[in-house]
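Thanks for coming. I will go through one model this morning, starting with the backbone and ending at the ligand. Please have the structure open on your screens.

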Amino acid sequence: MLCDNYGRVITSLRISITKRCNLNCIYCHQEGDDFEPLREISPGTISRTVTAAAGFGVKKVKFSGGEPLMRSDFEDIIAMLPPLKDISATTNGVLLARRATSLASSGLDRVNISLPALDKENYAKLTGSSLAFPRVLEGISAAIDAGLTPIKLNMVLLKGINDERIEDAIHFVSGYEGNVILQLIELMNFKNIAGYMVDIDRIEKLLESKASCIKERQLHRRKKYFIDGVEVELVRPIDNSGFCANCNRLRLTSSGKLKPCLMRNDNLVEIGENATVWEIGEMLKRTVEKREPYYKDKLKQTICRA
Ligand code: SAM
């Protein structure tokens, strides 16, 4: 078991497999980029790292980027993994329609698809692409057909873009008949875009007033609201000691470094292409030793041991 000095047991690994992306989202945090020049981790190193992590009880892997579908060997990467409880990817969905079936056949269980706007004009303004919006919608349908469900539709909350359209987003998702969960994500201001920050308390109150049932996940203490047959999950990372106290994730950067926290790049552990599963296991232990909650206030009260 990998347990850090704050009692947090690592159960999932988030792997960025490339920095490359086919969109240019104005708000993107790039998974806390390690600012290494373009160098992409090999399928073998990914497989050995996941094998080592699985040996310590890690059960879930999520692939991210950049855009993971920019890698033509993504299916091979997935196929080389050891058996796990949950293999997922977060994608912008632009290239998903033609690869959903092959990804599912390789062993991908489900996808998160980013959709920051519900109309193509705002989508283009945010992502820099005027053509991508309909392709993302095709990607959602293809992912449902391929069984990559439940899909989480990731909507970063952005003032003036989608904060007044939460009910529209719920209605949009309800059209997918239970195959899609709406995930609303608080904007992390990595790119000096404070003007887009949304009052999350207001969104939380709105969801509370509409929900027939509210649950709490252990991961990050995320709240789930059930509204008109739609599941809505709210991700509130900022200034949230409960979020950090219940973070059970380690990260792997696209250049092959273990990363204890999204918010920091001063404590990375480089794996190296030739490291064995045993050596990576030792590196995982060293990385977990370095884990510290980014927001620590009230940590003791908020650690969830459920
Ligand atoms: N290209 C893929 C995608 O669009 O999903 C994967 C990379 S993206 C960095 C991974 C996730 O981070 C997406 O769900 C996106 O919505 C979220 N994200 C990006 N920038 C963010 C920010 N500044 N604050 C909060 N979430 C962000």
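Where is the place of Pro-150? Pro-150 sits in the loop between helix H5, residues 132-145, and S5. Before going on, note that this is a predicted model.

I picked that proline for its peptide bond. Thr-149 and Pro-150 are joined by a cis peptide bond, with omega at about -5°. Another cis peptide bond links Gly-65 and Gly-66, and there omega is about 20°. Gly-66 belongs to the loop between S2 and H2.

Next, phi angles. Glu-177 is not a glycine, yet its phi is positive, about 50°. You will find Glu-177 in the loop that runs between helix H6 (166-174) and strand S6 (180-185). Is Glu-177 buried or exposed? With a relative accessible area of 70%, Glu-177 is exposed, since the cut-off for that class is over 50%.

Asp-228 is also a residue other than glycine with a positive phi, in this case near 50°. Its place is the loop between strand S8, residues 223-227, and strand S9, residues 230-235. The relative accessible area of Asp-228 is 69%, so Asp-228 is exposed.

Now to some buried positions. Asp-4 comes in the segment before strand S1 (12-16). Its relative accessible area is 5%, so this aspartate counts as buried. What does the side chain of Asp-4 pair with? There is a polar contact of 3.0 Å between the side chains of Asp-4 and Arg-291. Leaving aside residues up to four places away in sequence, Asp-4 touches Val-288 and Arg-291.

Ala-117 is in the loop between strand S4 (110-114) and helix H4 (120-127). This alanine has 0% relative accessibility and therefore counts as buried. Not counting residues up to four places away in sequence, Ala-117 touches Asn-122, Tyr-123, Leu-126, Phe-133 and Ile-161. Take Ile-161 from that list: Ala-117 and Ile-161 are 44 residues apart in sequence, but 6.6 Å apart in space, C-alpha to C-alpha.

On to the aromatics. How many aromatic pairs does the structure hold? It holds three. One of them is Phe-63 with Phe-74: the ring centres are 5.3 Å apart and the planes are at 85°, so the pair is edge-to-face. Phe-63 is in strand S2, residues 60-64, and Phe-74 is in helix H2, residues 74-79, so the pair ties together parts that are eleven residues apart in sequence. Phe-63 is buried at 0% relative accessibility, and Phe-74 is buried, also at 0%.

Last, the ligand. Which residues come nearest to the ligand? There are 19 residues around the ligand, and the nearest are Tyr-27, Thr-90, Ser-114, Asn-154 and Met-188. Strand S3 (86-91) and strand S5 (151-156) each contribute at least two residues to this shell. Sorted by class, the shell has six nonpolar, nine polar and four charged residues.

As for individual polar atoms, Thr-90 places a polar side-chain atom 2.7 Å from an oxygen atom of the ligand. The backbone takes part as well. A polar backbone atom of His-29 is 3.0 Å from a ligand nitrogen atom, and a backbone N or O atom of Met-188 is 2.8 Å from a nitrogen atom of the ligand. On its own, the ligand has 550 Å² of accessible area, and the protein covers 94% of that.

That is what I had. I will take questions now.

Technical notes: Residues numbered from 1 in each chain as written. Predicted model: local features only at pLDDT ≥ 70, side-chain atom pairs only at ≥ 80, totals over all residues. Heavy atoms only, no water. Helix = DSSP H or I, 4+ residues; strand = E, 2+ residues; numbered from the N terminus. Buried < 20%, exposed > 50% of the residue type's maximum accessible area, 1.4 Å probe, protein only. Polar contact = N/O pair within 3.5 Å; in protein donor to acceptor, adjacent residues only side chain to side chain. Contact = heavy atoms within 4.5 Å. Phe/Tyr/Trp six-rings, centres within 6.5 Å; stacked < 30°, edge-to-face > 60°. Near = heavy atom within 4 Å. Areas by Shrake-Rupley, 256 points an atom, 1.4 Å probe, with all protein chains shown as cover. Nonpolar A, V, L, I, M, F, W, Y, C, P; charged D, E, K, R; others polar.
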